[in-house]
Amino acid sequence: MSAVQIVWFKRDLRSADHAALTAAAARGPVLPLFVVEPDYWQLPDVSARHYAFLGECLTSLRNDLARRGQPLIVRVGPVEVVLERARRRFGAIVLWSHEETGNAWTYERDKRVAHWSTSHGVVWHECRQNGVVRRLGSRDGWASRWDAFIQQPIHDPPHSLPPVSGIEPGDLPSPSDLELAPDICPERQRGGREHGLDCLHSFLHERGQWYRQAMSSPLGGAQQCSRISPHLAWGTLSIREVYHAVQARREALKSMNTKGWRPSLKSYTSRLHWRDHFVQKLEDQPNIERRHIHRAYDAMRTAEPPATTLHAWRHGETGLPFVDACMRSLQATGWINFRMRAMLMAVASYHLWLDWRKPGEHLARVFTDYEPGIHWPQVQMQSGTTGINTIRIYNPIKQGNDQDPTGEFVRTWIPALARVPDAFIHEPWRWSEASSLLEKTYPLPIVDHMEAARAARQKLWAVRDSDRFKDQAHSIVRKHASRKSGRGRARNVRPKAVSLPQLKLDLD
């Protein structure tokens, strides 16, 4: 009998453009496997909304694979224990999966699986599913390698998968079985490949025309951003098939008078590149989730702020209306646009002077599209601890006036401010009737945002103003910085030619 080809699904929940599944199906009977790992679901960066989205993705994948002859098998427990049971049952097995750039827990888990496979003589094939490069020696030339990968043809799904007889498909545990805390998210996006494809199609043909202009608005962005990020995070869509779909749409639009579409899709293409650029950072330095990228910041936030400060930020009760509206919207929907994510993290880090780890864990839990490789480098970038990125201390009042000038977004998520006139909606304490609601139905600001920004700037500057700081920063540039020419294409850069960024009090 041919060796059973076990395809271990992780964050690649699809049959199309699935290199591991395609290769395994060409070599023998395939057992598609997903393992629910209870210890993973106790981590501080996961939540019940993630598990709900995952469950919908697995149902979709099981149905798809069943139509091909072999439904998805679900098992519960440590992966190496599940695999050992399969080895003992089938004798000869080969393990297939995609490479994963996950959080620190999955990194250690994969090392255990590698040890198990070596110890038992089981060949484990790990295939690339994005532009991230394992064991990358240098960022020089990375962008051209990304281009080469992303332009490769898409793998067709196997037409048929002969079933492995006598295997019970298995059921998903309930959230309570995994001791997941209740997580109310009434407007969460739904998981499953069919929803991902619908979302991509509607973006490319209906919603995305004004993406470039609308992406920064919390109102316009919710409609005109692609919204496929959770599907990329869980792999119901591959980044390569999205890239090919975008390029096909761009080609089709060349002969049409389509104002807005072409620059929007050009910007979106660069976002796909940007996505893998950030995932590569975590791949190259897995401890980004826990340790400062630039170690000079280790002693900067040693004093623990009051617990009430983190609580107020997490629950949208800081008294800064635009910040609170963003947080309440995020809690209810599981999504908010990139600029508002950056602002939420910046307010936590600078104005409230919170260490980035706890706020980062909270945002990870509430983002349905939590992708560790994007999330943790971004958390540190927006907290000013990378040593190489421009530090932007967002002015939350200015951001509110710029992105929500009429207060529509704020009033949607903070009904207590419904009566406040437009001129005062982002600073209700300046309104003549403020006493009728402040500290009754809505709090006063827990900080003076201007004073807090100035204090943060002084502390950050004190850390950066040393030769030792600059030496390490140049090392970080060599390891993590993008290599771009004026046209946005890859080229090599000499680190000494890279000037370190200056501090700014607001986004340009």
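Me: Is E361 buried or exposed?
Reply: E361 counts as buried, at 8% relative accessibility. Buried means under 20% relative accessible area, exposed over 50%, and partly exposed in between, with a 1.4 Å probe and protein chains only.

Me: What kind of model is this, and how is it numbered?
Reply: This is a predicted model, where local features need pLDDT of at least 70, side-chain atom pairs count only at pLDDT 80 or more, and totals for chains, interfaces and linings use all residues. Residues are numbered from 1 along each chain as its sequence is written, and side-chain values use heavy atoms, with hydrogens and water left out.

Me: What does K358 form with E361?
Reply: A salt bridge, with the closest N and O atoms 3.9 Å apart. The term means a side-chain nitrogen of Lys or Arg within 4 Å of a carboxyl oxygen of Asp or Glu.

Me: Where do K358 and E361 lie?
Reply: Both are in helix 15 (residues 357-366), three residues apart, about one turn of the helix. Helices (H or I, at least four residues) and strands (E, at least two) are DSSP runs, numbered from the N terminus.

Me: How many salt bridges are in the whole structure?
Reply: A search finds 32.

Me: Which parts does the R240 and D17 pair tie together?
Reply: R240 is in helix 10 (residues 239-253) and D17 in the loop between strand 1 (4-9) and helix 1 (19-25), so the pair links parts 223 residues apart in sequence. Their salt bridge is 3.0 Å, N to O.

Me: Is R240 buried or exposed?
Reply: R240 is buried, at 3% relative accessibility.
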